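The sequence and structure are shown first.

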Amino acid sequence: MPNHPITQYSMQYNPCMLALALTGAASAAAAVAGGYQSMAPTAQWFGQTFTGLPRGSRQIALTYDDGPNDPHTLRLLGVLAKHSIQATFFLIGRYVQQHPEIAREIVNAGHVVGNHTFTHPLLTFKSEAEIRQELSQCRSALQQAIGEASNLFRPPFGGRRPAVLRVARELGLEPVMWNVTGYDWNAPPAKKIEHKVAKQIRGGDVILLHDGGHKQMGADRSQTVIATDHLIVRYKTEGYEFVTIPQMMANLAVS
């Protein structure tokens, strides 16, 4: 009972119990902080990742996860072509195997592709061998589909720990996160996606959107396609330049 005199005495005057209580609180706080750092897109505790340029840059990078997806990836390519915009697509290996022709369309249109693992697991809870297998299988799928393997990697759900980033770099992959989230995975109306993005834009941003869904092929991304069209018009009008992740990285290197 919290008000029992013996309990009060124990907590106030027993240094061992007080130390245990403090240790438990510190451990809990560390666990919460570690969990946040393993998922937050801009967190850097567990290793350096690319999240964009310094605030105020006039460049924006559109990035799309979980494709290739039939038919919405191709519809998105149409919108990007209309505006002469290149984007970066992080592809799931098993989908690349199902639709290699869409992966080729992405590359042929001048866009950049990245490794988004083979099956889209939460890598935070995978062994190093499993992490390596996921990345290697996706790399092989890309190699077979488009004739080359990407050096960009985005962890599914953003989940990572030191081993995830270490294995990725051992395979020659550069981890890429984001700093603006479109919150479009549940296919909300395009206006909501646009509003979410607009609230976060500060310049130098890497925007996370989705042209596919990790659960199955055929996820409805029609609203993301519409939102992309509107976002490009809006930010082009405001003087922003849309670039790929490698282009943005090159500008960071010389800044």
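## Aromatic rings and charges

R58 lies over the face of Y240, 3.9 Å from the ring centre. A charge is taken to sit over a ring if NZ of Lys or CZ of Arg is within 6 Å of the ring centre and within 35 degrees of the ring normal. K196 likewise has its charged end over the ring of Y183, at 5.3 Å from the centre. The model is predicted: local features need pLDDT of at least 70 and side-chain atom pairs count only at pLDDT 80 or more, while totals for chains, interfaces and linings use all residues. Residues are numbered from 1 along each chain as its sequence is written, and side-chain values use heavy atoms, with hydrogens and water left out.

A search of the whole structure finds three aromatic pairs. Rings of Phe, Tyr and Trp (its six-membered ring) pair if their centres lie within 6.5 Å; planes under 30 degrees apart count as stacked, over 60 as edge-to-face and the rest as tilted. Two of the pairs found in this search are tabulated here.

| Pair | Centre distance | Plane angle | Class |
|---|---|---|---|
| Y64 and F89 | 5.2 Å | 25 degrees | stacked |
| Y235 and Y240 | 5.6 Å | 80 degrees | edge-to-face |

Helices (H or I, at least four residues) and strands (E, at least two) are DSSP runs, numbered from the N terminus. Both Y64 and F89 are buried, a term meaning under 20% relative accessible area, computed with a 1.4 Å probe on protein chains only.

## The largest pocket

A pocket is an open set of points on a 1 Å grid over the protein atoms alone, where a 1.4 Å probe fits, with protein on both sides within 12 Å along at least five of seven lines; lining residues have an atom within 4 Å of a point. The largest pocket has a volume of about 410 Å³, the volume being the space filled by probe spheres set on the points, which are joined across faces, edges and corners. Its lining comprises 23 residues, of which D66, F157, W185, H210 and H214 lie nearest the centre. Strand 1 and strand 7 (205-210) each supply at least two residues of this lining.

## Buried positions

D65 is placed in strand 1 and is buried, with a relative accessible area of 3%. Contact means heavy atoms within 4.5 Å. Not counting residues up to four places away in sequence, D65 touches F90, H116, R154, L208, L209, H210, D211 and G212.

H72 belongs to helix 3 (residues 72-82) and counts as buried at 6% relative accessibility. Beyond its neighbours within four places in sequence, H72 is in contact with D211, A219, D220, R221, S222 and V225.

In helix 7 (residues 162-170), A163, V164, L165, V167 and A168 are buried. The buried residues of helix 7 pack against helix 6 (128-146), strand 4 (152-153) and strand 5 (174-175). Just after helix 7, G172 takes a positive phi of about 80 degrees.

A145 lies in helix 6 and counts as buried at 8% relative accessibility. A145 and A103 are 42 residues apart in sequence, with their C-alpha atoms 6.8 Å apart in space.

Conventions:
Buried means under 20% relative accessible area, exposed over 50%, partly exposed in between (1.4 Å probe, protein chains only).
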